[in-house]
Amino acid sequence: MTTAAPAPSSRDLPHPVREEIRLEGVLHALSDPMRLQVVRELAAVSDELSCSHFDLPVTKSTTTHHFRVLRESGVIRQVYWGTAKMNGLRRDDLDDLFPGLLDSVLTAAASQAVRLGGVTVR
């Protein structure tokens, strides 16, 4: 007797598997200042944060777009916990695929923020 796998929930979000993550997509996702801010905040806490945690100076629909780009490029993983959409950095996948890339980008972003007097990460 075989058991059927549970049907995917309408709330399941598509994510690329590790082998599908492409450098071009990751670099594109990290090239936007709002998306880079999200990644910096996630890297600083090493935990999952809800979408509502992020105070981005853009509309809700634009924020949704930024999270979708990060998810579809493989930079973050999004899952629902009750009514909250939680976001986690896919650091292990990125570090395995592109050693040193994430740390270099985060270091450069922090240096730029200091140089420009920009936003600091919480």
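This is a predicted model: local features need pLDDT of at least 70, side-chain atom pairs count only at pLDDT 80 or more; totals for chains, interfaces and linings use all residues.
Visitor: How many helices and strands does the protein chain have, and what counts as one?
Guide: The protein chain has 5 helices and 3 strands. Helices are DSSP runs of H or I with at least four residues, strands are DSSP runs of E with at least two, and both are numbered from the N terminus. Read from the N terminus, the order is α-α-β-α-β-β-α-α.

Visitor: Why is H66 called buried?
Guide: Buried means under 20% relative accessible area, exposed means over 50%, and partly exposed is in between, with a 1.4 Å probe and protein chains only. H66 has a relative accessible area of 6%, so H66 is buried. H66 is found in helix 3. Of the 122 residues of the protein chain, 36% count as buried.

Visitor: What does H66 touch, leaving out residues up to four places away in sequence?
Guide: H66 touches D32, M34, R35 and V58, where contact means heavy atoms within 4.5 Å. H66 and V38 are 28 residues apart in sequence, and their C-alpha atoms are 9.0 Å apart in space.

Visitor: What class does R77 fall into, and why?
Guide: R77 is at 34% relative accessibility, so R77 counts as partly exposed. R77 lies in strand 2 (residues 76–81). Not counting residues up to four places away in sequence, R77 touches H15, M86, N87, G88, R90 and D93. R77 and P14 are 63 residues apart in sequence and 9.2 Å apart in space, C-alpha to C-alpha.

Visitor: What makes a set of residues a nonpolar core?
Guide: A nonpolar core is a set of buried Ala, Val, Leu, Ile, Met, Phe, Trp, Tyr and Cys residues joined through side-chain atoms within 4.5 Å. The largest one here has 25 residues, and V26, V39 and V75 have the most contacts inside it. Helix 1 (23–30), helix 2 (33–45), helix 3 (60–73) and helix 5 (101–116) each supply at least two residues of this core. Helix 2 gives the largest share, 6 residues.

Visitor: Which residues does V39 contact, leaving aside its neighbours within four places in sequence?
Guide: V39 is in contact with L30, L70, V75, L89, L102 and L106.

Visitor: Why are helix 2 and helix 3 described as roughly perpendicular?
Guide: Axes are lines fitted to C-alpha atoms, for helices over the stretch in contact, and angles run from 0 to 180 degrees between N-to-C directions. Angles under 35 degrees count as roughly parallel, over 145 as roughly antiparallel, 65 to 115 as roughly perpendicular and the rest as oblique. The axes of helix 2 and helix 3 come within 10 Å and cross at roughly 65°. The two helices are therefore roughly perpendicular to each other. The contact involves M34, R35, V38 and V39 of helix 2, with H65, H66, F67, V69 and L70 of helix 3.

Visitor: How is helix 2 placed against helix 5, and why is that word used?
Guide: Their axes come within 11 Å and cross at roughly 110°. Helix 2 is therefore roughly perpendicular to helix 5. L36, V39, R40 and A43 in helix 2 meet L102, V105, L106, A109, A110 and A113 in helix 5.

Visitor: What is the relation of helix 1 to helix 3, and why?
Guide: The axes of helix 1 and helix 3 come within 9 Å and cross at roughly 155°. Helix 1 is therefore roughly antiparallel to helix 3. G25, V26, H28 and A29 of helix 1 make the contact with V69, L70 and S73 of helix 3.

Key. Residues are numbered from 1 along each chain as its sequence is written. Side-chain values use heavy atoms; hydrogens and water are left out.
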